[in-house]
Amino acid sequence: MTQTVLKSANFDNKVKQYWLCLAAICSVFPLVTILFIPVILIIVWLVAGRMLAAMSADLLERKLVVKRGIFFKEEKSIPLEKITDVGLSQGPLMRLFGLYRLSFETAGQSGQGALVSLLGVVDASEFREAILTQKDNLTAEQPAKAKQDESQSQVELIRSLTYSVKNIEQMLVTLLDEKK
């Protein structure tokens with residue numbers, strides 16, 4: 001079965017001129033900004049130092065706390081039990097500087113990509129392993145704690161039943177005494 005074309009779009013030839021103009025602007029832009037490279041590099045060096053000083057990542061017993069930002073401060077707490085993946089990546093330029101990026105993905109996260117990523121963590125693979133080990137320890141600890149809580153609730157239930165039986169027994173004794 002063939003579909004009937006109701007209307008076709010026509011494209012203006014000016015699009016070629018627009019693309020040509022855009023390519024010329026993009027080509028000329030580096031020539032103009034080349035004069036400002038020393039100023040730009042100094043500004044980036046100063047701002048990057050402050051950004052690096054403002055970054056931190058702390059592994060706590062139950063969560064990972066990541067802080068960063070100079071003008072717009074950001075703090076994220078990621079519960080370890082929600083972490084589904086800790087990625088370790090390194091691009092060509094990062095390899096040149098010996099840097100790695102740690103990426104954290106969590107359960108229930110919407111969208112693609114990592115919820116949080118950290119660039120330049122010293123001993124990144126060791127930090128990654130510490131996170132995964134703590135996550136595993138926390139996961140193993142939860143069933144043991146659940147068993148302990150279950151045992152505690154069973155003891156409380158037995159005490160409650162014992163108390164109820166004693167009360168019933170006492171009431172029966174009182175009723176029997178009254179009938180005599």
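## The second largest pocket

By class, the second largest pocket is lined by eight nonpolar, two polar and two charged residues, where Ala, Val, Leu, Ile, Met, Phe, Trp, Tyr, Cys and Pro count as nonpolar, Asp, Glu, Lys and Arg as charged, and the others, Gly among them, as polar. This is a predicted model, in which local features need pLDDT of at least 70 and side-chain atom pairs count only at pLDDT 80 or more, while totals for chains, interfaces and linings use all residues. Residues are numbered from 1 along each chain as its sequence is written, and side-chain values use heavy atoms, with hydrogens and water left out.

A pocket is an open set of points on a 1 Å grid over the protein atoms alone, where a 1.4 Å probe fits, with protein on both sides within 12 Å along at least five of seven lines, and its lining residues have an atom within 4 Å of a point. The lining of the second largest pocket includes Lys67, Arg68 and Phe127, and its volume is about 160 Å³, a volume being the space filled by probe spheres set on the points, which are joined across faces, edges and corners.

## The largest pocket

The largest pocket has a volume of about 210 Å³, and its lining divides into six nonpolar, two polar and no charged residues. Among the lining residues are Trp45, Met51 and Gly120.

## Arg101

Arg101 counts as partly exposed because its relative accessibility is 30%, between the limits of under 20% for buried and over 50% for exposed (1.4 Å probe, protein chains only). The C-alpha atoms of Arg101 and Gly120 are separated by 6.3 Å, although these residues are 19 residues apart along the chain.
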